[in-house]
Each structure stands twice: as structure tokens, then as C-alpha cells.
Amino acid sequence: MVDQPKVTEKEARAVAEEARESGWRKPSFAKELYLGRFPLDLVHPHPRPEADAAAKADRFLTALREYCETLDGTVIERDSRVPDEYVDGLAKLGCFGIKIPEEYEGLGLSQVAYNRALMLVGSVHPTLGVLLSAHQSIGVPEPLKLAGTPEQKAAFLPRCARGAVTAFLLTEPDVGSDPARLATSATPTEDGEAYELNGVKLWTTNGVVAELVVVMARVPKSDGRRGGVTAFIVETDSPGITVEQRNAFMGLRGIENGVTRFHNVRVPKENVVGGEGQGLKIALATLNTGRLSIPAICTGASKWCLKIAREWSAERVQWGRPVGEHAAVAKKISFIAATTYALEAVLDLSAHMSDEGRNDIRIEAALAKLWASEMSCLVADELMQIRGGRGYETAESLAARGERAVPVEQLVRDLRINRIFEGSSEIMHLLIAREAVDAHLSAAGDLADADADLKAKAKAAAKASGFYAKWLPQLVSGKGQVPTSFREFGPLATHLRYVERTARKLARSTFYGMARWQAGLERRQGFLGRVVDIGAELFAMAAVCVRAEMQRADGEGGAGADLAEVFCRQARLRIEALFDALWDNTDDVDQRLAGEVLDGHYTWLEAGVLDPSEGTGPWIAHWELGATKVKNLSRPYVRPR
């Protein structure tokens with residue numbers, strides 16, 4: 001097996017810290033929320049697109065809808081493949097270049113339009129949404145737009161826009177969210193004109209059918225060479241590239257996800273994106289807006305859940321009444337409707353902010369991804385419960401016995417990956433928490449460093465006291481305590497006052513945690529996760545109120561306000577439970593018990609069952625450098641160059 005880089009926990013954190021964007025050149029609504037401030041002017045009035053851009057997007061979406069109505073998602077589910085003609089049709093409409101500028105043959109549409117396109121194609125089959133988002137959200141187009149040279153953009157973006165499918169290759173068999181251990185290497189050639197790639201990449205979404213891929217590989221340090229993790233654009237027909245396996249999953253049947261081997265693959269130096277050692281920074285910057293593809297797909301799924309819940313609950317009669325009129329089911333329908341409204345509000349606000357470019361939305365995009373992936377799974381689960389046995393039954397089976405083919409069980413399977421894609425919920429909690437406590441860590445300095453000596457900590461304490469002496473008094477009172485605040489929002493003003501008060505309470509709680517655990521705070525993942533979740537709910541509350549007010553101002557009536565009212569009341573209950581759990585929880589005993597389980601103290605509890613996986617292989621696949629020993633499964637949807 002190839003030797004993985006030996007990396008300590010401290011070194012791994014240092015690599016991640018170096019890759020994150022540390023500065024804040026633009027304001028951030030979510031960042032301010034976590035600091036106890038409520039800058040409503042950053043999101044209200046709700047951002048709007050220019051009329052010409054909106055009309056252009058509407059024309060494209062109308063044509064896309066007409067095309068999608070001709071597609072049959074059951075074919076993808078049955079065959080576990082997207083038919084070539086479906087890809088051709090999407091390419092002809094320009095779907096592979098929605099956000100690529102017109103000068104590079106793209107459609108030049110907005111993030112908002114792109115999100116709506118993903119919702120639409122994802123409603124045919126989620127794999128179509130994944131095909132487009134893996135290509136355009138994190139594949140070649142986005143890194144090139146962010147860090148590519150004019151020559152690189154001219155060479156590759158037109159191909160991407162015409163339908164040359166792309167993929168992003170970071171994960172390895174033994175490397176997920178810990179890039180410090182990346183083992184794929186990119187060694188400069190003797191003539192200095194190229195690099196030689198060697199390694200294996202896992203879970204390469206679109207990798208089986210890609211024509212171009214972005215590969216993250218480690219360049220060795222040397223005299224005059226920085227080295228480090230670097231982004232390369234690689235042609236998949238290059239000698240030495242092999243797709244060794246097409247992976248299969250619980251859901252997303254049809255996804256072209258595989259294992260790709262690189263053996264002495266020559267990549268021209270002109271294909272380095274952003275310079276040596278900039279790969280992780282580019283990856284993180286790409287994900288700042290790239291993550292919005294997941295809430296788009298989740299929002300589309302929740303819209304479908306609402307439609308099915310409404311139609312079924314009015315049709316199905318039990319005990320003399322439609323099931324939707326029974327309180328137990330009505331509560332679920334209310335949750336689905338209110339949450340769907342909030343999902344769309346969070347998605348649209350984040351996307352508009354991205355298009356507007358006035359704010360730094362790295363936290364908002366991460367919150368949208370985290371919150372949408374979690375809430376949409378709850379929505380789908382509630383729909384399955386409403387449908388009962390028919391929810392658990394496959395659409396094919398329902399159709400076979402003459403009933404409407406409603407694929408609820410498929411939706412539950414397909415949505416589940418979104419809590420893992422592009423950063424698991426656990427990793428997202430840590431990433432967002434790092435940004436949320438950034439001001440505290442900066443103020444605390446060596447107080448938050450477990451390795452600092454007493455002298456350094458004393459000096460840091462003096463510095464921190466100055467920061468907190470100014471900051472803490474600001475958390476005592478605010479507009480949330482003034483009954484007339486935000487009155488332009490009508491009945492929703494009470495919820496905005498709650499958001500303002502609760503943001504200050506959240507900031508105080510974060511300070512208490514910092515004061516209590518200091519350097520140990522980073523290991524209090526339960527506490528940090530709840531802090532993040534409270535902020536996510538507050539962001540969603542603000543988004544629904546702002547959206548409802550926009551709809552009222554546009555003459556759309558009070559329906560949005562009614563949905564926002566119910567959502568905010570539901571969110572407030574979740575927030576209060578999270579606050580209670582900050583200090584009253586089982587985190588410590590959970591940690592202790594988990595340690596005992598890992599030490600083998602409770603193996604007796606596992607007795608009485610069989611493990612069918614025993615002996616089938618190692619937990620993590622071993623891989624070695626060298627040429628492949630299997631057939632190449634690559635089958636690109638190659639478009640004219």
C-alpha cells in the first residue's frame with residue numbers, strides 16, 4: 001500500500017487553517033449574527049435581479065421545463081444510467097454552461113437561475129441534478145472562473161459550455177475531509193514543462209463520463225519550488241488514466257461515480273490552476289457558492305413532497321375524514337409546507353446575495369447546505385409516514401398493482417447523500433463553527449492555544465480583556481427589546497425582534513463556552529454544533545421574514561406571511577431546545593462511553609448476531625502506485641472541441 005503522509009492532529013489543523021480564507025473584505029450577515037449583531041440592511045430589502053437578466057432566465061427555464069417534460073426518470077432508476085440522448089438534449093439547451101459567461105459560449109445566467117434549473121431537472125431524477133452540479137458547481141468551470149488564466153478560460157470553458165462533462169477529484173481511499181494526508185503526487189518533470197501524476201481518487205462523481213477533470217495532487221517541495229496541494233486540469237484521455245470501477249450506492253442510481261487511477265500521467269504546466277500550493281484554497285473558494293447546488297436540489301425535493309402530501313392527504317379517507325384533517329397528519333403537513341417555504345427563502349436569499357456580490361456568503365452558503373440537507377430529509381421522512389405502507393413501497397410495485405407510482409422511498413434514498421456530499425453535516429458544523437468563533441479566537445490568541453506557556457497566556461488574557469470590554473456591553477440590549485422595532489414587517493416583526501435578541505444570547509453563550517473551555521473549546525463539538533444550528537435557524541427565520549415582506553410589497557398578498565409565521569414559531573421551539581442542550585446534555589458521558597466501546601469493553605453486547613461483512617475485505621481499500629490491472633471503464637460523453 002502507498003505510504004500516506006504522516007500527519008499529526010496539529011499539522012492537519014494547520015493545513016486546514018492555511019487553506020481557509022482568513023480575511024473578511026466584505027460584510028457577512030451570518031458572521032454578524034454569530035457575533036450578536038443583526039445587520040438587517042444586508043438582506044433587506046430582498047436582493048432582486050435586473051429585469052433583463054430575469055427575462056433571459058425565464059426564457060431558458062421555460063425551454064428547459066418543456067424539455068424535462070419529455071424525459072422519463074424511471075428509465076434512469078431502472079437502468080442505473082442517464083441515457084446519452086438525455087445528456088445530448090441538456091447540452092443543446094446550454095445546461096452545461098448555465099453560469100459560464102457568454103464570451104466563452106455559456107448562457108451567462110445567474111446563480112438564482114442555475115438553482116432553479118437544478119430544481120427542475122432534479123425533479124425528473126436527482127441524478128440529472130447531480131450530473132449538472134458536479135460539472136458546474138465544483139467541476140472545471142467554477143475553479144477556472146475563480147482562479148484560471150485568460151488562456152485557460154479560453155481553452156476549456158467553451159468545451160465545458162458545449163457539454164464536455166467535468167468532475168472534481170479530491171477524495172482518496174484513505175483521505176476524506178483531512179487533505180493534509182493527500183497522497184496523490186504531482187512530480188515536476190526534468191524539463192520543467194509538465195508534471196507527472198500518480199495516485200488513486202475515490203468517489204469521483206462524473207468521473208466515469210468526464211472529458212476533463214480537476215485533480216488535487218501534492219507537489220513535493222524543493223529548492224525554489226513551494227510545492228503543496230495543487231489543482232490541475234487533466235484530459236481524461238491522457239495515457240495512464242484508468243477508471244477502475246463504477247461505484248453503486250443506496251440512492252442516486254445512474255450517478256457516474258468511480259475510482260480513478262493515475263499512473264505517470266503527464267500534465268502540461270499550463271494546466272496548473274492558480275499556482276502551486278493553492279489547490280485547497282481554490283477548492284474551498286469553489287465550494288463557497290458551489291454548495292448552493294445541494295439546497296437547490298433539496299428545495300426542489302421538498303416542493304414535490306408538499307404536492308404529494310397535499311394531494312394524498314385530501315384523497316385518503318380514514319375514520320370518515322380525509323387523513324389530512326386528523327391532527328397527527330395535519331401537524332406533518334404544516335411542517336412540510338412551512339419548511340418548504342423556508343428552504344426556498346434561504347436558497348433564494350443566498351443565491352441573490354451571491355449574484356449581487358456585495359456580501360461575503362461563505363457562512364451563508366455553508367449554512368444553507370447544512371440546514372437544507374438536514375431539513376429536507378425530515379420532510380421526506382414525514383411524507384413517507386403520511387403515505388404509510390405506500391410510502392415504503394416502490395413506485396414500480398405501486399404501478400404494478402394499478403396505483404399511482406409515487407416514488408417516496410426513492411426520494412428518501414436519494415436525499416440521504418446530501419448530508420454527506422460536499423462536507424458531511426459533522427464537518428460542516430466544524431467549518432461553520434470555526435468561522436463563527438473567528439473573532440473570539442483572534443481576540444483570545446494564545447489563550448486558545450493548548451501549547452502556549454503561562455507567560456504567553458497572560459499576555460493574551462490582557463489583549464482579550466480589551467476586546468471583550470468593548471464587545472460584551474453591546475450584547476446587553478438592542479432593537480429586539482423595543483416593541484416598535486421592525487414594524488414595517490407587520491405581524492412578523494415579533495419574530496425579527498426575537499432573532500435580534502437571540503443573536504445576542506447566542507453570542508453571550510459562545511463567550512461563556514470560550515471562557516469555560518478556552519483551548520478545549522475546539523473539542524466541544526456538541527456545543528459548537530448546537531451554536532451553529534441555532535445560527536442556521538436564525539438565518540432561516542430572517543430569510544422567510546424578508547421574503548414574505550418582499551412578496552407583500554409585490555402585491556402577492558399575505559400567503560407568504562402566513563407560512564413565515566408558522567415556520568418562525570416552529571423554528572423558535574427548535575432554537576429553545578438547542579439552547580437548553582448547550583448546558584444540559586450528555587456530551588461528557590457520551591464521550592466516555594464511546595471511548596469504552598472503542599476499547600472493547602462492550603463486545604459482549606454484540607453477541608447473538610452474524611456479521612455478513614466479516615472477511616469480505618479491509619475497512620479501507622489498499623492501493624499501490626503503478627499501472628492498472630483492470631479494464632478502463634471510462635466512457636466520456638465527448639462533445640465537439
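Predicted model: local features only at pLDDT ≥ 70, side-chain atom pairs only at ≥ 80, totals over all residues.

Residues are numbered from 1 along each chain as its sequence is written, and side-chain values use heavy atoms, with hydrogens and water left out.

**The second largest pocket**

The second largest pocket has a volume of about 770 Å³. A pocket here is an open set of points, on a 1 Å grid over the protein atoms alone, where a 1.4 Å probe fits and protein lies on both sides within 12 Å along at least five of seven lines; lining residues have an atom within 4 Å of a point. Its lining is made up of 28 residues, of which Thr289, Met353, Ser354, Asp355 and Gly357 are the closest to the centre. At least two lining residues are supplied by each of helix H8 (141-147), helix H10 (279-290) and helix H12 (327-356), helices being DSSP runs (H or I, at least four residues) numbered from the N terminus. H12 gives the largest share, five residues. By residue class, the lining of this pocket divides into twelve charged, eight polar and eight nonpolar residues.

**Salt bridges**

Side chains of opposite charge can pair when their charged atoms come close. The structure holds 45 salt bridges, each being a side-chain nitrogen of Lys or Arg within 4 Å of a carboxyl oxygen of Asp or Glu. The table lists examples.

| Pair | Closest N and O atoms |
|---|---|
| Asp84 and Arg635 | 4.0 Å |
| Arg321 and Glu325 | 3.7 Å |

Asp84 counts as partly exposed because its relative accessibility is 41%, a class that lies between buried (under 20% relative accessible area) and exposed (over 50%), with a 1.4 Å probe and protein chains only. Arg635, at 25%, is also partly exposed. Arg321 is partly exposed at 38%, and Glu325 is partly exposed at 46%.

In the remaining pair, Arg390 lies in helix H14 (residues 389-392) and Glu403 in the loop between helix H15 (395-400) and helix H16 (408-416), 13 residues apart. Arg390 is partly exposed at 22%, and Glu403 is partly exposed at 26%. Salt bridges that share partners also join Arg81, Asp84, Arg246, Glu256 and Arg635 into one network.

Terms used:
Points joined across faces, edges and corners; volume = space filled by probe spheres on them. Nonpolar A, V, L, I, M, F, W, Y, C, P; charged D, E, K, R; others polar.
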